[in-house]
Amino acid sequence: MLILTRKVEQGIVINNDVIVRVLSIDGERVKIGIDAPRSISVLREELLAEVAGENREAVVRPSVGTDQLRRLRRPPQ
Amino acid sequence: MEWLQSVEDPDIALPLLEPFLFEPDFGFELPDRDAEELGMESPEDAFVRCILTLREVPEDITANLLAPIVFCRRTHLARQVVLQESEYALRRPVFTMLGLAASA
């Protein structure tokens with residue numbers, strides 16, 4: 001891992017087209033600006049981890065899941 | 001409800017639901033990158049499903065609106081899109097909204 005020290009308003013250029021800049025620092029919160037082409041996906045790491053975790057939780061082994069599904073019925077109209 | 005079944009691992013399937021059933025205004029902008037990689041040529045190529053997380057107690061069943069799966073009818077490709085800037089929930093309860101009831 002490359003570790004760089006930056007001050008507020010200093011940036012880092014990645015691959016010539018992504019610029020990461022430290023916008024402000026307030027205690028433990030750091031505001032970061034990212035300038036990247038629309039073709040680049042930028043996601044918060046913990047959000048991605050949450051989605052991945054939920055996906056794993058949603059996985060159903062077909063033979064197990066159908067029992068749960070059978071418990072669901074539409075109420076009589 | 002529909003199922004997304006893994007062909008690589010028959011033990012893996014994901015239950016899917018039409019998000020518009022319980023979130024009529026559900027909408028988002030598909031990033032150009034995703035549209036391109038899915039081979040979308042027009043908006044009609046796309047259809048959207050969200051993943052359900054089934055749980056023992058039916059009332060606890062939730063839908064993932066934060067990261068829906070977008071399918072391309074033309075290419076049969078699909079991808080999960082994380083709607084980072086949206087207010088949509090990762091775990092949206094669906095049971096009561098769909099008017100479903102559990103049978104004993």
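Let me start with two terms: helices (H or I, at least four residues) and strands (E, at least two) are DSSP runs, numbered from the N terminus, and two strands pair if DSSP finds at least two bridges between them. Now, hello everyone! This is a predicted model, in which local features need pLDDT of at least 70, side-chain atom pairs count only at pLDDT 80 or more, and totals for chains, interfaces and linings use all residues. Residues are numbered from 1 along each chain as its sequence is written, while chains are lettered from A and ligands numbered from 1 in the order in which they are written.

Chain A comes up now. Its three strands make an open sheet, ordered 1-2-3, with antiparallel pairing. Strand 1 (11–14) and strand 3 (29–35) of chain A each have a single partner strand, so they stand at the edges with one side lacking a neighbour in the sheet. Strand 2 (residues 18–26) of chain A is joined to strand 3 of chain A by seven bridges. Look for A:D26, which sits opposite A:R29 in strand 3 of chain A.

On to chain B. Here strand 3 (residues 46–53) pairs antiparallel with strand 2 (residues 13–17) over two bridges, and B:L17 has B:C50 as its bridge partner. Strand 3 of chain B also pairs antiparallel with strand 4 (residues 62–72), this time over seven bridges; there, B:T53 is opposite B:T62.

And where is B:F20 found? In the loop between strand 2 and helix 1 (32–38) of chain B. B:F20 counts as exposed (12 or fewer other C-beta atoms within 10 Å of its own, with C-beta atoms placed from the backbone), because it has 12 such neighbours.

Notes:
A residue is buried if 20 or more other C-beta atoms lie within 10 Å of its own, exposed if 12 or fewer, and partly exposed in between; C-beta atoms are placed from the backbone.
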